[in-house]
Structures are given as structure tokens and as C-alpha cells.
Amino acid sequence: MGANMVRRLLRGGHECVVFDAVPANVESLARERAVGAGSIKDLIAKLRAPRFVWLMVPAAVVDQTIEQLRPLLRVGDTVIDGGNSYYVDDIRRSKALAVQGVRYVDVGTSGGVWGLERGYCMMIGGDQASVRQLDPVFNTLAPGSEGIARTVGFEQLGDSTAERGYLHCGPSGAGHFVKMVHNGIEYGIMAAYAEGLGVLRAADAGTQARAVDAETTPLRDPEHYQYQIALPQVAEVWRRGSVIASWLLDLTAAALVSDPQLKGFAGRVSDSGEGRWTIKAGVDTGVPTPVLTAALYERFGSRGNAEFQDKLLSALRLGFGGHVEKAAQQKEHSDE
């Protein structure tokens, strides 16, 4: 995502100095008018003071990257973390950098691989002066106000950059706090689409032969499940006038058209931390988050993390009732 952000800034007339651990990535951007750097030290040397250093790295390596930067930074410089860091870490980093007169801004960035053309939604944390200095950058990266109708009455809230796609949410950590919750919501929406379409996919269960034994729950009314639902068609019709239409549904429809049975995926769903942190914030503040929690746990299960407990359940059923574990069976569907 960082490379496309650079491209968008270059298109907007900004000057960018770039460094990446993979030299080919630097060379690619240098061919597009960015100034390439061979190291972090070289990067800092090529930036004019006061310097604005925007990091787009995994949360796990932000601290070590900042430690490499610290000896090279001077009073008035600004470090921007545009990745998915934990907001608690932002608070700590901001305080540590402030000691040497370096500003710190956290930017929760949403837009993914489509951001170059669509723009990036940004949720920003930091002191007002630091954020204001970066406004031209945020304004270029953001989608802008065109294409989406203004919310009725929004103008009564006063002047805001929110309509342009970026928002100063508060002091250090606030940007990543809002992005954290954004990603938690994303987990829940994605899970809802997946589960709902899963139910539709199984609507032909009454046409399928089922084992008759003590280990298989009988389908009580098979005549109620005789439908062969065309999932790509359903996803497409939902996109048009439905209350559940969204960009994530657009992506769902595209995925089902290109690969109706999703054979190109194993179904192992990762999580990068934001869902966990959102749920922790809910626990800390006493806010129930059952949907987001269930969505996160589903991701854990998709990676085989429930294997031990599932085996224990089978062992207990064997122990108290003599129930022999059945071999897994894969049901074939044709969704074209």
C-alpha cells in the first residue's frame, strides 16, 4: 500500500524520497520520479528539514524502525506511522520522541490495493500543529468529497475534513484507535456476508443423501431445503438497491463471479491484531462486542486453532457414550 500512496502523492505534485528493504521496490518508484534512497541514513540525508518520515511497515517492526531513525532526527522533524499499530504503542512512542523535540503522528489508513485510484480514508492522531502541517499530504491522499452525497445536516457540525476522507480524531493514539475499531467492524461485516452466503449455499441440503446413524442429526424437513441458489447472481442483485450493499459486497460479488466455488482459497483467515485490540477495548470499557468477538474467533478456528479442543470433545463423547468419531466429508456444490 505504501508504494501506491507514494504514486498518488507524486501525481499530486509532492516530492517523495523513498526507501524499502527490497531495492527493486525503490527502483520502481524512482522510475516514476520519486527520489530513491539506499538506506535509512540515506533517506534522512536526502530529505529537507523539517523532515516528515512516513512509515508503512508491519506493526511488529515499527519500534525497531524508529530506533534506527532516532539518532538521525532533529528538532522539528515528524514521524508518521501509517500502518496498523496498537494505539497504546502510539502514546508511548509520542512521549519518547517528544523528549528530543520530534513530533509523532499516527494515521490509520484504509484503502488497500484500490487506494491509488479511489484515495485513502485516514484517521489521524497527534497534536493539532503537527497534523495541520501535514494537511496538504492528507488532502492529496484522501478520496475527496466528490462522488458521495453530503449527509443531510452535516454542515451544521461545522467545518470538517471528514467529507474529504480524512479526520483528525484527537491526540496521539486516537487515529489508530478509530482505525482499530474500523477493522473490528470490518471483521464483523465480512463474517456476516460469509455466513449468510454459506446458508444460501446449503439451501439444497434436502436434495443431498444423508447418513442415517446415531452420529448424524437428521434433517427434519428436507422438502424445505430444495433450492439451488446461484450465489454470484444473489451477490449481484444485493449490490443494487439493497440495504446491505457496500464495497465489501462489491468485492464479494467479484470473487464469486471469478471463482464461484472459491477453489483458489484454503479458507485460512488471518488477523493482524486490530480485532483483538477492539475487543479488549470493549472489555476494558464494559461495551459488549458479541458480533466482533464471534468474527475474530471464527478466524482463529479457520486456522486450525480449535483442533485440540475439538479432539477433546470427540474423546469425551467416546468416553461417556461410546460415540465413534466419523471421518470428515466434503460436500460438493455447483454454484455456477
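1. A residue counts as buried when its relative accessible area is under 20%, as exposed when that area is over 50%, and as partly exposed in between. Please keep in mind throughout that this is a predicted model.

2. On the cysteines, with those cut-offs in hand: Cys121 has a relative accessible area of 33%, and it is therefore partly exposed, whereas Cys16, at 11% relative accessibility, counts as buried. A search of the whole structure turns up zero disulfides. Cys121 accordingly takes part in none, and the cysteine sulfur nearest to it, that of Cys169, lies 8.7 Å away; a disulfide would call for two cysteine sulfur atoms within 2.5 Å.

3. On the chain as a whole: the protein chain holds 14 helices and seven strands, and its C-alpha atoms fill a box of roughly 75 × 45 × 45 Å along the principal axes. Of its 336 residues, 35% count as buried.

4. On H9 and H12: the axes of helix H9 (residues 174-201) and helix H12 (residues 274-285) come within 8 Å of each other and cross at roughly 105 degrees. Angles of 65 to 115 degrees count as roughly perpendicular, and H9 and H12 are therefore described in that way. On the H9 side the contact is made by Phe177, Met180, Val181, Asn183, Gly184 and Tyr187, and on the H12 side by Glu274, Gly275, Trp277, Thr278 and Ala281.

5. On H4 and H5: here the axes of helix H4 (residues 62-69) and helix H5 (residues 87-98) come within 12 Å and cross at roughly 5 degrees, which makes H4 roughly parallel to H5. Val62, Asp63 and Ile66 of H4 meet Arg92, Arg93 and Leu97 of H5, and the residues of this contact divide into three nonpolar and three charged, with no polar ones.

6. Just after H14 comes Gly322, which adopts a positive phi of about 70 degrees.

Terms used. Residues numbered from 1 in each chain as written. Predicted model: local features only at pLDDT ≥ 70, side-chain atom pairs only at ≥ 80, totals over all residues. Heavy atoms only, no water. Axes fitted to C-alpha atoms, helices over the stretch in contact; angles between N-to-C directions. Helix = DSSP H or I, 4+ residues; strand = E, 2+ residues; numbered from the N terminus. Parallel < 35°, antiparallel > 145°, perpendicular 65-115°, else oblique. Contact = heavy atoms within 4.5 Å. Buried < 20%, exposed > 50% of the residue type's maximum accessible area, 1.4 Å probe, protein only. Nonpolar A, V, L, I, M, F, W, Y, C, P; charged D, E, K, R; others polar.
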